[in-house]
Amino acid sequence: MAYMLLMIEPTGQRQSRTEAEGRALYDRMVSFGDELKSRGLLLATESLRSHAQAARVAVRSGRPQVVDGPFAEAKEMVGGFYLLNVATREEALAIARACPAAEWATVEVRETAPCYL
C-alpha cells in the first residue's frame, strides 16, 4: 500500500534557523530517506520551497484565478514528503514516528486512494 508522509511545518520556522542549522536538519532528512530507500520502502521524496514562492490556482465559473504566496491565512505549510510502499498503516506510522521531522514539524500520514473514497 502506498502512504504519503507530509511534513507540516509552521510557516516562519525556516527563517528562525541559521543556514548551518537548516543544512544539518536537511542532511538528517536525506539520510532518513536513503535508509528507507535501502529497505525498498521509498517510492519518492522531495523537500519543498517555502509557501512564499508558491501559487494557488483555482478555476471558478470557467475563469482561472492565480494567487501568489505567501498566503496570509496560512499558519502551516507542507515542507516536503516521503511516498512509501509499505504493507500496513502501522508500518507507515512507525516510519513517521522515526522521521526526524517529527521533532520540529507534524508528520501527517495519508494512504493514497481515489478521490471518490
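One aromatic pair is present in the structure, which is a predicted model. The pair is formed by phenylalanine 32 and tyrosine 82, whose ring centres lie 5.5 Å apart. Their planes stand at 75 degrees, so the arrangement is edge-to-face. The cut-off for this class is an angle over 60 degrees. Phenylalanine 32 belongs to helix α1 and tyrosine 82 to strand β5. The two residues are 50 residues apart, and the pair thus links distant parts of the chain. Both phenylalanine 32 and tyrosine 82 are buried.

Tyrosine 82 also touches other parts of the chain. Beyond its neighbours within four places in sequence, tyrosine 82 is in contact with Tyr3, Met4, Leu5 and Met7, among others. Its contacts also include Met29, Phe32, Gly33 and Leu36. Leu42, Ala44, Thr45 and Cys99 are in contact with tyrosine 82 as well.

Tyrosine 82 is also part of the largest nonpolar core, which has 20 residues. Tyr82 is among the residues with the most contacts inside this core, together with Leu5, Met7, Leu36, Leu84, Ile95 and Cys99. Two or more core residues come from each of β1 (2-10), α1 (19-38), β5 (76-85) and α2 (89-98). Helix α1 gives the most, with four residues. In soluble globular proteins, nonpolar side chains tend to be buried together.

The wider fold can now be described. The protein chain has two helices and six strands. From the N terminus on, these elements follow the order β-α-β-β-β-β-α-β. Four of the strands form an open sheet, in the order β2-β5-β1-β6, with antiparallel pairing. Strands β2 (42-47) and β6 (106-111) stand at the edges. Each has a single partner strand, so one side of each is left without a neighbour in the sheet. On average, neighbouring strands of this sheet are turned by 20 degrees against each other, direction ignored. Strands β1 and β5 run antiparallel and are joined by nine bridges. Proline 10 stands opposite glutamate 76, a residue of β5.

Both helices meet strands of the sheet. Helix α1 lies across β1, β2 and β5 and runs at about 20 degrees to β5. Helix α2 packs on the sheet and touches β1, β5 and β6. The direction of α2 makes about 30 degrees with that of β1.

Tyrosine 3 lies in strand β1. With a relative accessible area of 4%, tyrosine 3 is buried, because the cut-off is under 20%. Neighbours within four places in sequence aside, tyrosine 3 is in contact with Tyr82, Leu83, Leu84 and Val86, among others. Further contacts of tyrosine 3 include Thr88, Arg89 and Ala92, as well as Val109, Arg110 and Glu111. Tyrosine 3 and leucine 43 are 40 residues apart in sequence, yet their C-alpha atoms are 9.6 Å apart in space.

A charged group meets a ring elsewhere. The charged end of arginine 56 sits over the ring of phenylalanine 71, at 3.8 Å from the ring centre.

Values for the whole chain complete the description. The C-alpha trace spans about 45 × 45 × 20 Å along its principal axes. Of the 117 residues in the protein chain, 31% are buried. Among contacts with a separation of 6 or more, 76% are between residues 24 or more positions apart.

Definitions and conventions. Residues are numbered from 1 along each chain as its sequence is written. This is a predicted model: local features need pLDDT of at least 70, side-chain atom pairs count only at pLDDT 80 or more; totals for chains, interfaces and linings use all residues. Side-chain values use heavy atoms; hydrogens and water are left out. A nonpolar core is a set of buried Ala, Val, Leu, Ile, Met, Phe, Trp, Tyr and Cys residues joined through side-chain atoms within 4.5 Å. Buried means under 20% relative accessible area, exposed over 50%, partly exposed in between (1.4 Å probe, protein chains only). Contact means heavy atoms within 4.5 Å. Rings of Phe, Tyr and Trp (its six-membered ring) pair if their centres lie within 6.5 Å; planes under 30 degrees apart count as stacked, over 60 as edge-to-face and the rest as tilted. A charge sits over a ring if NZ of Lys or CZ of Arg is within 6 Å of the ring centre and within 35 degrees of the ring normal. Two strands pair if DSSP finds at least two bridges between them. Axes are lines fitted to C-alpha atoms, for helices over the stretch in contact, and angles run from 0 to 180 degrees between N-to-C directions.
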